[in-house]
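Please look over the fold shown here. The report takes up a few of its elements.

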Amino acid sequence: MESNNNNIENNNNPINLIVFEFFSGIGGMHEALKFQQNNINIIEIFPFDINQNCNVTYKYNFNITPYNISLESFSINDYENFFKKIKNPHKILWTLSPPCQPFTRQGNQKGLEDNRSKAFINLMNILENTCYLPDYLLLENVKNFENSKATEMLIEILNKKNYDYIQFLINSKEFNVPNSRLRYYIIANKNKKFKNNNKKVIVENWNEFNNINNKSIPTIKDYLNYSPLFESELKDFYISKNILSKESSIAMDIVTLNDNSTICFTKNYTKLMKGSGSILLIGDDNNNDEKKDLISLFGKLRYFTPKEILKFLNFNDNFGFPKEITIKSQYKLLGNSINVKVVENIFKYLFNNNNYIN
Ligand SMILES: C[S@@+](CC[C@H](N)C(=O)[O-])C[C@H]1O[C@@H](n2cnc3c(N)ncnc32)[C@H](O)[C@@H]1O
């Protein structure tokens with residue numbers, strides 16, 4: 001197999017970890033941590049989110065109710081109080097997925113000036129002033145975050161506090177997933193220096209960085225383990241004639257089961273036609289011209305289901321949504337979430353002693 005040094009297990013005992021999962025959403029970070037059994041032992045995990053739909057979904061899947069408090073007003077005292085109950089030796093991990101809207105290319109690009117960045121700024125203030133500094137940190141956001149004042153602020157604090165860090169831009173396609181999700185990640189370690197690091201450069205090719213030989217991306221059909229038997233149960237996901245007749249529909253990204261890529265599913269999937277996620281053409285129809293004659297494709301075009309998107313995002317098959325979360329809300333929550341496989345591998349990198357100078 002490929003010489004992926006992330007697959008080499010730690011020689012040491014698992015790291016006892018207290019996890020602060022800031023902006024926890026539906027728990028993508030927690031899901032990715034589940035795959036680190038050899039490397040870590042989670043003593044406590046504290047998720048935080050202000051969205052009720054996120055929190056009930058999180059509870060449904062992990063049996064933990066996230067703290068429904070705004071991180072804008074989370075004080076250093078609030079944070080440090082968490083440590084009063086914890087007796088055993090442990091390390092601290094912060095995961096952060098701050099709202100990306102202020103940083104997206106389609107958004108207002110106000111960055112830190114946007115009110116939605118206040119919670120991030122507040123956490124940076126805690127990072128700068130707390131005596132309970134995280135030993136490990138992982139932040140995820142959209143492409144473009146790397147050029148923002150937010151990254152500048154984070155890196156300035158990391159430098160001041162003597163962290164070592166690596167920045168990445170990773171597309172889930174690099175992990176042989178037939179779905180494109182390009183995201184910015186930064187990992188940091190308070191206690192050790194990474195071996196393979198040039199702080200000035202953002203790593204843009206994960207596979208090359210890790211000496212991994214890329215395999216080929218499977219078709220959507222194979223990846224989803226698609227069976228036509230269930231198609232009759234998916235009537236609600238088929239696109240209506242009304243929508244197909246709209247001019248905006250021409251911008252839909254249509255894929256067939258034999259394709260091996262889909263575009264990023266965003267929180268606007270099913271709401272906006274352009275750039276919000278691919279549409280599935282049922283039948284092995286590869287004729288591009290026909291793809292454009294949308295009305296004639298009525299009855300053949302459907303949205304990918306939330307279950308299918310969960311699979312593209314590499315959540316495990318048991319992950320689900322409670323009944324009260326509407327399909328529309330499910331798309332929204334999924335659009336805001338992360339690719340678990342990508343983050344799982346970044347965590348493996350972060351927790352692997354072999355990646356550090358001894
Ligand atoms: C990009 S999403 C996080 C996605 C998450 N990693 C997941 O896997 O679903 C950002 C999250 O931040 C939450 N959020 C936004 N402002 C917040 C605040 N002031 N305090 C706490 N959570 C907040 C949103 O509700 C949203 O779920």
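## Model and numbering

This is a predicted model: local features need pLDDT of at least 70, side-chain atom pairs count only at pLDDT 80 or more, and totals for chains, interfaces and linings use all residues. Residues are numbered from 1 along each chain as its sequence is written.

## Helix 12

Twelve of its twelve residues are buried, so helix 12 is largely enclosed by the rest of the structure. Buried means 20 or more other C-beta atoms within 10 Å of the residue's own, with C-beta atoms placed from the backbone. Lys341, Glu344 and Lys348 are among them. The cover includes strand 1 (15–22), helix 1 (28–33) and strand 2 (40–48).

## Sheet 7-8-9

Three strands form an open sheet in the order 7-8-9, with mixed pairing (strands pair if DSSP finds at least two bridges between them). Strand 7 (253–256) and strand 9 (301–303) each have a single partner strand, so one side of each lacks a neighbour in the sheet.

Strand 8 (residues 278–281) pairs with strand 9 in the antiparallel sense, over three bridges. Leu280 has Arg302 of strand 9 as its bridge partner.

## Helices 4 and 5

Helix 4 (residues 118–129) packs against helix 5 (residues 149–160) at about 10 degrees, with axes 10 Å apart. The two are therefore roughly parallel (angles under 35 degrees).

How values were computed: Helix = DSSP H or I, 4+ residues; strand = E, 2+ residues; numbered from the N terminus. Contact = placed C-beta atoms within 7 Å. Axes fitted to C-alpha atoms, helices over the stretch in contact; angles between N-to-C directions. Parallel < 35°, antiparallel > 145°, perpendicular 65-115°, else oblique.
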